[in-house]
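Below is a short report on one protein chain.

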Amino acid sequence: FLALNTRKPPFNNVKVRQAIASAINIDNLLQAVYFDTGLPANSLLPPLSWGYNPSLPERKPDLKRARQLLKEAGLEKGFEMQVLVQPDARPYNPDAVKTAQLIRSDLAKVGIKLQIVQREWPVIEGRLTKGQYDSLLSGWIADNADPDNFFRQLLSCSAVERGNNY
């Protein structure tokens, strides 16, 4: 997932977050990074979870919508941002650098210039703790498919206190 620092402008604007999501071509990522072995996510929950909602719409890239949302947010000329990336493979992402490069290409189409910052986890964690980041390319592996294992671990108030809610 691409975590955005919503405490920092312009990411505190929902239209900017929606524009970023609208610009990213998920199918391209699945093909180029996962070699068509994954599924596009339309929820934080995986399809195997009893809490998964199969009726949620799939997100498709929509550059026209992304540009319109940026215009509505007052950023029609785009902006610059950074993404923190670990240089090594993870079980949830075999090539985070390649993923970031593909996202950079997608965002450039709507005027967002993405700088990829590769660092080892201890350095990234320090920046996250201090709120010194725009975005983070990360992931999550759960030991079971219960919704609590996703929502509580990643999005709850206690996750903020533990430093897991990026």
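## Terms and basis

A residue is buried under 20% relative accessible area, exposed over 50%, and partly exposed in between, with a 1.4 Å probe and protein chains only. By that scale Phe35, at 63% relative accessibility, counts as exposed.

This is a predicted model: local features need pLDDT of at least 70, side-chain atom pairs count only at pLDDT 80 or more, and totals for chains, interfaces and linings use all residues. Residues are numbered from 1 along each chain as its sequence is written, and side-chain values use heavy atoms, with hydrogens and water left out.

## Overall form

The chain holds 7 helices and 4 strands. These are DSSP runs numbered from the N terminus: helices are H or I with at least four residues, strands are E with at least two. Their order from the N terminus is β-α-α-α-β-α-β-α-β-α-α. The radius of gyration is 16 Å, close to the 15 Å of the globule rule for 166 residues, so the chain is as compact as a globular protein of that length. That radius is taken over C-alpha atoms, and the rule is 2.2 Å times the number of residues to the power 0.38. The C-alpha trace spans about 45 × 35 × 30 Å along its principal axes.

Of the 166 residues, 36% are buried. Take contacts (heavy atoms within 4.5 Å). Among those between residues at least 6 apart in sequence, 69% join residues at least 24 apart.

## Surface and charge

The chain exposes about 9700 Å², and carbon and sulfur atoms supply 52% of this area. Areas come from the Shrake-Rupley method with a 1.4 Å probe.

There are 21 positive and 17 negative side chains. Lys and Arg count as positive, Asp and Glu as negative; His and the chain ends are not counted. The centres of the two sets lie 8 Å apart. Each charge is placed at NZ of Lys, CZ of Arg, CG of Asp or CD of Glu.

## Helix H1

Which residues of H1 are buried? In this helix, residues 14-23, they are Val16, Ala19, Ile20, Ser22 and Ala23. They cover an arc of only 165 degrees around the axis, which puts them on the same side of H1. The arc is that of the directions from the helix axis to the C-beta atoms.

Several elements cover these buried residues. Among them are strands S1 (2-4), S2 (79-85) and S3 (112-118), and helices H3 (63-72) and H4 (96-108).

## Helix H3

H3 buries Ala66, Leu69 and Leu70. Seen down the axis, they fall within an arc of 100 degrees, so they line one face of H3. An α-helix has 3.6 residues a turn, so residues three or four places apart point the same way. Lys64 and Lys71 are exposed on the other side of H3.

The cover over the buried residues of H3 includes H1, S2 and S3. Just after H3, Gly74 takes a positive phi of about 80 degrees.

## Backbone details in the loops

The loop between S1 and H1 contains Pro10. The peptide bond from Pro9 to Pro10 is cis, with omega near 0 degrees.

The loop between H2 (26-32) and H3 contains Phe35. Asp36 is found in the loop between H2 and H3 too. Phe35 has phi near 50 degrees, a positive value in a residue other than glycine. For Asp36, also not a glycine, phi is positive, near 60 degrees. At 57% relative accessibility, Asp36 counts as exposed.
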